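Below are some numbered remarks to read alongside the model. Please keep the structure open while going through them.

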Amino acid sequence: MTINEKQDEIIEEFSAFDDWMDKYSLLIEMGNELDSFDEAHRKDQNLIEGCQSKVWLHAELNDGKIEFQGDSDAIIVKGIVALLLRVLSGHTPDEILDADLYFIDKIGLKEHLSPTRSNGLVAMIKQIKAYALAFKVKQN
């Protein structure tokens, strides 16, 4: 699936709910379904700065595609991590760098996050794109 197909799938899943409490429940469920995070990657260098809660992000380049692992100590944030990884993991650095993450606005996520969580979301995206840029440079 392309990044946009994954985003459209998420938009469709969230559009099934009108109430934001139900959408938060879906987000929490997604966080709970996140692949387990390798304890070896739970180190300070993988912590994302700018997040109120702790968020770890690890990336590896395999066959030209970046595989991300992530985790958080906050349940809603873990759901946000799960969303971002679902959309961006398994894609090339160029695909990630060129991605317009429109699903965030379409599902109303940003407007339903506290300012600190919203800043954290921006920091997570920034870190994912930084990994993509670093891997792109390494490839060339």
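**Notes on the model**

1. Leaving aside its neighbours within four places in sequence, D71 is in contact with L34, F37, R42, K54, V55, W56, K78 and V81 (contact means heavy atoms within 4.5 Å). D71 is found in strand β2. Helices (H or I, at least four residues) and strands (E, at least two) are DSSP runs, numbered from the N terminus. D71 counts as buried because its relative accessibility is 8%; buried means under 20% relative accessible area, exposed over 50%, and partly exposed in between (1.4 Å probe, protein chains only). Between D71 and D38 there are 33 residues of separation in sequence and 9.4 Å in space, C-alpha to C-alpha.

2. A word on the basis of these remarks: this is a predicted model, in which local features need pLDDT of at least 70 and side-chain atom pairs count only at pLDDT 80 or more, while totals for chains, interfaces and linings use all residues. Residues are numbered from 1 along each chain as its sequence is written, and side-chain values use heavy atoms, with hydrogens and water left out.

3. Strand β1 (residues 55–62) and strand β2 (residues 65–72) run antiparallel and are joined by eight bridges. Two strands pair if DSSP finds at least two bridges between them. In this pairing, E60 stands opposite E67 in β2, and L57 stands opposite G70 in β2.

4. What lies between the two strands of the hairpin? Two residues separate β1 from β2. D63 lies in this loop and has a positive phi of about 50°, although D63 is not a glycine. With a relative accessible area of 82%, D63 is exposed.

5. Not counting residues up to four places away in sequence, D73 touches S53, K54 and W56. D73 and A16 are 57 residues apart along the chain, and their C-alpha atoms are separated by 27 Å.

6. How many aromatic pairs does a search of the whole structure find? The search finds three. The rings of Y131 and F135 have their centres 6.5 Å apart and their planes at 20°, so this pair is stacked. Rings of Phe, Tyr and Trp (its six-membered ring) pair if their centres lie within 6.5 Å; planes under 30 degrees apart count as stacked, over 60 as edge-to-face and the rest as tilted. Ring pairs link F68, Y131 and F135 into a cluster.

7. Why are Y131 and F135 separated by about one helical turn? Because they are four residues apart in helix α6 (residues 115–139). Are they buried or exposed? Y131 is buried, with a relative accessible area of 16%, and F135 is buried at 12%.

8. Two packed helices are described by the angle between their axes and the distance between the axes. Helix α2 (residues 20–32) and helix α3 (residues 75–88) pack at an angle of about 70°, with their axes 7 Å apart. That makes α2 roughly perpendicular to α3. Axes are lines fitted to C-alpha atoms, for helices over the stretch in contact, and angles run from 0 to 180 degrees between N-to-C directions. Angles under 35 degrees count as roughly parallel, over 145 as roughly antiparallel, 65 to 115 as roughly perpendicular and the rest as oblique. Residues of α2 that meet α3 include Y24, L27 and I28; among those of α3 are I75, I76 and K78.

9. F17 is found in the loop between α1 (3–15) and α2. F17 counts as partly exposed, at 30% relative accessibility. Leaving aside neighbours within four places in sequence, F17 is in contact with D22, K23 and L26.
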